Amino acid sequence: MNQNAKTFNYRYSLIVCSFFCCTLLWMNAIVKAEEPERPVPLIFDTDIGNDVDDVLALGMIHALEARGDCKLLAVTITKDNPLAASFTDAVNTFYGKGEIPIGICRSGVTPQKGKFNVLAQKKDNGKLRYPHDLKDAKQIPDAVTVLRKALGGAKDGSVVIAQVGFSTNLANLLKSTGDDISPLTGKQLVKQKVKLLSIMAGAFEKIPRKGKLVDHLEYNIIKDIPAAQKLAQEWPTPVVWSGYEIGLSVPYPHESIEEDYNYTPHHPLAEAYILYNPPPHNRPTWDLTSVLYAVFPHRGYFGLSDSGDVDVKDNGLTTFKKNDQGHHRYLKLNDAQRQRLIEALVQLSSQPPAK
Ligand SMILES: [Ca+2]
Ligand SMILES: [Ca+2]
């Protein structure tokens, strides 16, 4: 080989190598662009106290935070009873996160104590079983203030919200005007800061009842229909709905409640479950599914519908219409996904607090 041919080969090799390196970097960039940034800044909006899936979902969030997958910015509550905030603070404190901001609403919606939020007041030998410092409703800020602060302090386009109760707080956030926290209106703030709203509400399949398939008017919608309508019509960023049928088809195995939480004499998740509806009841995993999707949207735990629009009728029925320009989708599940999902939900809910 003469000198010219050697030089040509050397240059050719350099060009080919550069091409492959650039391609690898480019592919890596694409994968990174699709993966949400870790930890995902997360807000949990819940009607905790009305059903126990909210409590398991909150436990999951703490496990995900311990794994570096999310960072819980705030919890806002749509059950109008102050014990809901005290119990939330007690659970957060159990997981070593008693400082997380909590906000409440005064909506009059589901004002009852509920079956398990009373655990916040439970004492053994004169001491709180689940220590916490949020004991007086007067101490607790309004949910919209907490939401505006959490969003105002976040990076643009980064925040994920899991809403697993009524739409009261997020509808009120959309109505909010500029203030000391941010000059932006609530809607502008959401548009600027919120990447995804993962919501457990509505139903996108007919539900079997008494041998027939019927339309289901879902609880989180019918308890505050005007708020759900406002959210469906006006939320300015992508919304993914976990319909009633999803959590219903993935029951939490009661054996886990009996076996997996015994690493401590008293566990707020297991005790709440038992007070709500004890084993051998397998509770549907409604709220857990919205939390898992919020933090792992790219991991194939669920299938997704086409893009479209969700409409909330005046009686609370949710309907979906395909529309390429729409920014709503709903979750779907096949049998293989269901098995993998149950395993993930059990492992995350029952993970002991980080040391
Ligand atoms: Ca606290
Ligand atoms: Ca709930």
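Helices and strands here are DSSP runs, helices being H or I with at least four residues and strands E with at least two, numbered from the N terminus. This is a predicted model, where local features need pLDDT of at least 70, side-chain atom pairs count only at pLDDT 80 or more, and totals for chains, interfaces and linings use all residues. Residues are numbered from 1 along each chain as its sequence is written, while chains are lettered from A and ligands numbered from 1 in the order in which they are written.

Let's start with K210. K210 sits in the loop between β8 (207-209) and β9 (212-214). Its phi is positive, about 50 degrees, yet K210 is not a glycine. Is K210 buried or exposed? A residue is buried if 20 or more other C-beta atoms, placed from the backbone, lie within 10 Å of its own, exposed if 12 or fewer, and partly exposed in between. K210 counts as exposed because it has 5 C-beta neighbours inside 10 Å.

Next, N125. N125 lies in the loop between β4 (123-124) and β5 (127-128). N125 also has a positive phi of about 50 degrees and is not a glycine. N125 has 5 C-beta neighbours inside 10 Å, so it counts as exposed.

Now the peptide bonds. The bond from R38 to P39 is cis, with omega near -10 degrees. P39 is in the loop between α1 (3-34) and β1 (40-46). The bond from P279 to P280 is cis, with omega near 15 degrees. P280 belongs to the loop between α11 (268-276) and α12 (286-295). Why point these out? Most residues other than glycine have a negative phi, and most peptide bonds are trans.

On to the strands. Two strands pair if DSSP finds at least two bridges between them. β1 and β2 pair in the parallel sense, over seven bridges. D45 stands opposite T76 in β2. Strand β2 (residues 70-77) is mostly covered, with seven of its eight residues buried. β2 also runs parallel to strand β3 (residues 102-104), joined by three bridges. There, V75 stands opposite I102 in β3.

Last, G59. Where is G59 found? In helix α2 (residues 53-66). G59 counts as buried, because 26 C-beta neighbours lie inside 10 Å. Leaving aside neighbours within four places in sequence, G59 is in contact (C-beta atoms, placed from the backbone, within 7 Å) with L269 and S349. G59 and P268 are 209 residues apart in sequence, and 9.2 Å apart in space, C-alpha to C-alpha.

Methods: Contact = placed C-beta atoms within 7 Å.
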